[in-house]
Amino acid sequence: MIDNYNALLKPDDEELSARLEAAHTRLFAQQMQMKETQLPVVVLFEGWGAAGKGTMIGRIIRNLDPRFFTAVSMHDPTPDEQRKPFLCRYFSQIPEAGRFLFMDTGWMSEITHSVLKGTMNRQVYRDRIGSVRRFERGLTDNGYLVLKFFFHITKKEQKKRLDALLDSRDTEWQVDDYDLWENKHYNECEAVFDAFLDDTSTASSPWYVVDAKSKKWAELQVMETIVAGIDMALKNHTLTVPLVQNTFPLLPMPKLADVDLNKTIAPEEYKTELKQLQEHLRELHNKAYRMRIPIIIAYEGWDAAGKGGNIKRLTSALDPRGYEVIPIASPKPHEKSRHFLWRFWTRLPKTGHIAIFDRTWYGRVMVERLEGFCSENDWQRAYNEMNEFEKELSDWGAVIIKFWVHIDKDTQLARFTERQNNPDKQWKITDEDWRNREKWDVYEQAVDEMIAKTSTSYAPWHILESNDKHYARIKALRIVIEALEDAIYH
């Protein structure tokens, strides 16, 4: 791709200056349009060392309103970042709607450097390519404009620039050992770069190879590409996004109406088994921490089904330094203006830790779907997007356990009434709970569809029969223990 890119004809100096001024003027106007239409933009700069990536960001942003863009330089992942999924630090950077993000290197550099250093084998590389393609498609499907530039210079030109930087004490810090190694092994690097560009250039987020020998000419290529990309995004932002077919293995699941909710456990048996299971879980938590296995437990269920009590019996067995319970409410403005999975990517646990989500990303296909907080296309796409999200977590090594805490309508009514009549529990019941109860049937249909389309082999759903809360608590502990034992001993 690098050798065969469609090199543009460089204009003369007068035309270049005029077109560059026009492009900067147009980009400033577009920045306001993007803000008004709430379209976010991600601009990624990759390329050879000393090709001018960092300088280019400074040139592009000089006429932009600094309130509406962010520029970041992505270095090698820190030890803490290495304990999160590969995509986590990139997903956390994505901008709010109407804002620009300019990135000086990113996922390309991280992957290609690992390949060139010999620390990434072929299979891991293929997995990373799949992750990148899904990440970028997920952004563009959710309204992000993704523009990716590779700055290309010859080996001779790179050597000339590196030598010039090293000749001055004020600039020698800009050259590191990798830059020198890259120039020495230019052909090997070019082959790896070229393969990556081919593997990740798609119709929705193509790579643009920039002739970077002349800095001003490179600036014009980048500016006019950004301007053209934004014009296209403004024209197309109301179009419906095609749905992607699910390719993940799904497990057969019963409909909620077919679940037997008469299961119970005797009080004495409950007390004895609860103590034994909690002691065993405590031991497994220590082993999982030592082995740095990340654990994600997701709770969904009917209002008053007993999620809180279930979580409490689970966490009572855990070391408080090694877990976090994350209650999920309606998204805040800064969360709502990003990809709907952003607020979950930014709350993932480190390896060896447990994250327990009290309500989850599945709100997209329940409350957001039924209350009209997103479009039909949004929630229809979300099934596959959530399967992909959980696949990333599973490939990272996470144990994923998903619970639907299930009760019948009569049990819910009895618990609502008890809360309403008990001053100590009235804070647990709201007008919204009563309104949601009136929509029980449509919610049940949505939950059935959700479970059927997202119960995968790597992140299955477990239905907890919770008319008897004690029974549901014991079942949840057993399921968690079984999942941890499988991860630790197999």
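How many cavities of 30 Å³ or more does the count come to? The count comes to three cavities of 30 Å³ or more. A cavity here is a set of points on a 1 Å grid over the protein atoms alone where a 1.4 Å probe fits but cannot get out, and lining residues have an atom within 4 Å of a point. Grid points are joined across faces, edges and corners, and the volume is the space filled by probe spheres set on the points.

This is a predicted model, in which local features need pLDDT of at least 70 and side-chain atom pairs count only at pLDDT 80 or more, while totals for chains, interfaces and linings use all residues. Residues are numbered from 1 along each chain as its sequence is written, and side-chain values use heavy atoms, with hydrogens and water left out.

| Cavity | Volume | Lining by class |
|---|---|---|
| Largest | about 150 Å³ | seven nonpolar, two polar, four charged residues |

Start with the largest cavity, of about 150 Å³. Among its 13 lining residues, F91, R134, F135, L341 and E388 are the closest to its centre. Two or more lining residues come from each of α6 (122–141) and α16 (376–396); helices are DSSP runs (H or I, at least four residues) numbered from the N terminus.

Now turn to the second largest cavity, whose lining includes A51, G52, F151 and A212. Here α2 (53–61) and α10 (215–236) each give two or more residues, and α2 gives the most, with three.

Notes. 1 Å grid on protein atoms, 1.4 Å probe; cavity = no way out; pocket = protein on both sides within 12 Å on 5 of 7 lines; lining within 4 Å. Nonpolar A, V, L, I, M, F, W, Y, C, P; charged D, E, K, R; others polar.
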